[in-house]
Amino acid sequence: MAVTTERPRLAGEPTRPRAVRRLRDEQPIGLPIRRTNPTWEKAFQRRLAVTDAVLLAITLLGTQAFWLGIDTSQRIATNLSVPLQVPYTGATAALLVLWLVFLKVFGSRSPRVIGSGFTEYSRVASSSFRLFGLVAIVALLLQFLPARGYIITAFPIGVVLLIASRWGWRQWLRKQRRSGRYLIRVLLVGAPSSVEHLHEEFTRRKYLGFEIVGAVLPRRTPKEGLDLPVERLGTFEEVAAVARRERVHAVALAGSEDLPPESVRRIGWRLESTGVDLMVAPAITEVAGTRIHTRPVGGLPLMYVDSPSYEGSKKTAKAVLDFGLAWLAVLLTAPLMLVTAIGVKITSPGPIFFRQQRIGLNGKAFDVYKFRSMRIGADAELAQLLKEQGTEGTPLFKVENDPRITRFGQFIRKYSLDELPQFFNVIKGDMSIVGPRPQRAEEVALYDNAAGRRLLVKPGITGLWQVSGRSDLSWEDTVRLDLYYAENWSLLDDFVILLWTVKTVLQSQGAR
């Protein structure tokens with residue numbers, strides 16, 4: 001091994017600043033960059049590529065069989081002045097190769113999007129749209145009429161199959177990550193409070209697959225008395241060395257007074273030769289990606305955050321869809337509601353329906369309808385039961401092992417059959433199909449300013465917190481999820497929550 005020594009400084013030669021010498025020692029010029037991507041990423045990408053190829057081959061061959069059959073000798077002539085005959089099977093094979101190339105080129109299998117959900121799906125759809133836009137233009141210029149069969153049939157079917165496949169692989173990847181496999185090793189860099197917050201956000205979403213290996217803190221941070229959820233592995237000046245030693249895949253920068261822009265640049269320089277990804281965590285959280293836009297201004301990347309949307313065309317579209325879907329649900333579930341009503345009547349004395357005042361949009365009170373699942377006089381017992389279990393001061397009035405629920409009431413609650421009459425609340429306009437949980441006036445009286453923002457949208461029959469944990473979530477988690485929905489809702493999210501609701505109801509042990 002060759003040993004290099006620093007040459008003596010010549011007389012009159014200016015002294016190189018210490019910071020520059022240290023930077024050059026830690027970041028040798030010309031050192032090749034080798035990415036430290038997780039070893040599982042390549043194998044996972046190959047699985048996606050093989051699945052894509054199989055599904056697209058089936059789609060395109062099916063399209064060919066549907067329109068012209070599988071005769072490999074059949075040729076299609078274009079309507080040009082110079083006749084050009086194209087083998088149909090050759091066109092199918094060429095389109096298959098081009099589709100796979102477009103999926104690759106436009107990053108549908110990029111390590112930064114695989115398993116991410118909407119971003120991955122949108123890249124699949126956009127790359128397919130670009131391809132078939134090109135196919136349409138070429139077919140128009142060459143007057144290749146059979147291309148219409150590909151566009152009409154292969155394009156929509158292929159996109160649906162690809163997105164369904166990516167969804168299936170995403171569920172598989174999440175399952176592996178819950179078992180401690182297919183993880184991304186991350187080093188946190190920042191002040192203790194910022195590191196703690198970022199660690200909480202990462203660990204709350206275990207399905208993202210981030211494994212926190214430790215934290216790097218400012219040099220002036222005391223070594224004693226810290227109560228960090230992760231091990232302290234060094235200081236800001238040692239980020240690159242710690243990243244190499246711990247074999248991390250990414251470094252996440254949290255906020256710190258000791259991380260001015262120049263320090264962030266130097267950390268980036270030191271990480272260049274390690275191949276470690278650099279992530280910068282903004283101070284804002286619980287904001288959907290659709291509300292965030294970046295714009296470079298004079299070399300400064302600025303992040304724009306759109307204000308939550310509570311009015312306008314989106315709200316009108318949601319109201320129209322709610323009204324139509326509620327009527328459809330009433331018609332489809334009418335026999336089930338009739339059976340449930342008979343069950344309530346013959347299993348316990350009292351009325352079939354339960355009506356209670358709840359607080360809705362902008363604090364307006366309304367009567368919510370349910371099938372009765374408790375014995376008569378249950379409301380009068382609530383205060384004492386909450387006091388006995390010590391939760392009378394929490395604005396989420398739920399009772400563990402509630403003795404007021406009838407036997408038939410337990411059954412209809414398990415499958416949310418007691419909620420079916422709330423479709424009439426949606427038709428009246430008091431509720432939405434998807435939204436925060438409607439609460440009693442006594443619960444709303446305990447709200448702080450943050451929780452009060454739940455009232456900026458209509459309450460819903462189902463919602464984000466219901467599909468995330470049913471009745472097992474704490475009040476803090478319930479507020480966090482409801483606020484996220486209220487500030488970031490979209491019609492696409494509503495559709496996804498409805499699909500989750502079906503799955504959650506079928507797998508649930510019951511609600512309170």
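Trainee: How are α7 and α8 packed, and what's the hand of their crossing?

Mentor: The crossing of α7 and α8 is right-handed. Keep in mind that this is a predicted model.

Trainee: Noted. At what angle do α7 and α8 pack?

Mentor: The angle is about 40°, and the axes are 8 Å apart. That makes α7 oblique to α8.

Trainee: Why give two values?

Mentor: Two packed helices are described by the angle between their axes and the distance between the axes.

Trainee: Which residues are in these helices?

Mentor: Helix α7 covers residues 239-246, and helix α8 covers residues 261-272.

Trainee: Now α2 and α3. How do their axes cross?

Mentor: They cross at roughly 150° and come within 10 Å. Here α2 is residues 39-67 and α3 is residues 88-105. So α2 is roughly antiparallel to α3.

Trainee: And the hand of that crossing, left or right?

Mentor: α2 passes α3 in a right-handed crossing.

Trainee: Let's switch to strands. What is the order in the open sheet of 5 strands?

Mentor: The order is β5-β4-β3-β6-β7, and the pairing is parallel.

Trainee: Which strands are at the edges?

Mentor: β5, residues 232-235, and β7, residues 277-280. Each pairs on one side only.

Trainee: By how much are neighbouring strands turned against each other?

Mentor: By 30° on average, with direction ignored.

Trainee: How many bridges join β4 to β5?

Mentor: There are 3 bridges, and the two strands run parallel. Strand β4 is residues 210-217. Look at A215: R232 in β5 stands opposite.

Trainee: What about β6? How many bridges does β6 have with β3?

Mentor: β3, residues 184-189, and β6 pair over 4 bridges, in the parallel sense. L188 has A252 of β6 as its bridge partner.

Trainee: And how many on the β7 side?

Mentor: β6 and β7 also pair over 4 bridges, again in the parallel sense. The bridge partner of A250 there is D277 in β7.

Trainee: Which way do the β6 side chains point?

Mentor: Strand β6 is residues 250-253. A250 and A252 point one way, while V251 and L253 point the other way. All of them are buried.

Trainee: Is R247 buried or exposed?

Mentor: R247 has 69% relative accessibility, so it counts as exposed.

Trainee: Now Y182. Where is Y182 found?

Mentor: In the loop between α5 and β3. Y182 has a positive phi of about 55° although it is not a glycine. At 18% relative accessibility, Y182 counts as buried.

Trainee: Which cluster does Y182 belong to?

Mentor: Ring pairs link Y182 with W40, F44, W169 and W172.

Trainee: How many aromatic pairs are there in the whole structure?

Mentor: A search finds 13. One of them is F411 with Y415. Their ring centres are 5.5 Å apart and the planes are at 65°, so this pair is edge-to-face.

Trainee: Why edge-to-face?

Mentor: Because planes over 60 degrees apart count as edge-to-face.

Trainee: Another ring, then. Which residues lie over the face of W489?

Mentor: K314 lies over the face of W489, at 4.7 Å from the ring centre. K318 lies over that face too, at 5.3 Å from the ring centre.

Methods: Residues are numbered from 1 along each chain as its sequence is written. This is a predicted model: local features need pLDDT of at least 70, side-chain atom pairs count only at pLDDT 80 or more; totals for chains, interfaces and linings use all residues. Side-chain values use heavy atoms; hydrogens and water are left out. Rings of Phe, Tyr and Trp (its six-membered ring) pair if their centres lie within 6.5 Å; planes under 30 degrees apart count as stacked, over 60 as edge-to-face and the rest as tilted. A charge sits over a ring if NZ of Lys or CZ of Arg is within 6 Å of the ring centre and within 35 degrees of the ring normal. Two strands pair if DSSP finds at least two bridges between them. Axes are lines fitted to C-alpha atoms, for helices over the stretch in contact, and angles run from 0 to 180 degrees between N-to-C directions. Buried means under 20% relative accessible area, exposed over 50%, partly exposed in between (1.4 Å probe, protein chains only). Angles under 35 degrees count as roughly parallel, over 145 as roughly antiparallel, 65 to 115 as roughly perpendicular and the rest as oblique. A crossing is left-handed if the near helix is turned anticlockwise from the far one by less than a right angle, and right-handed if clockwise.
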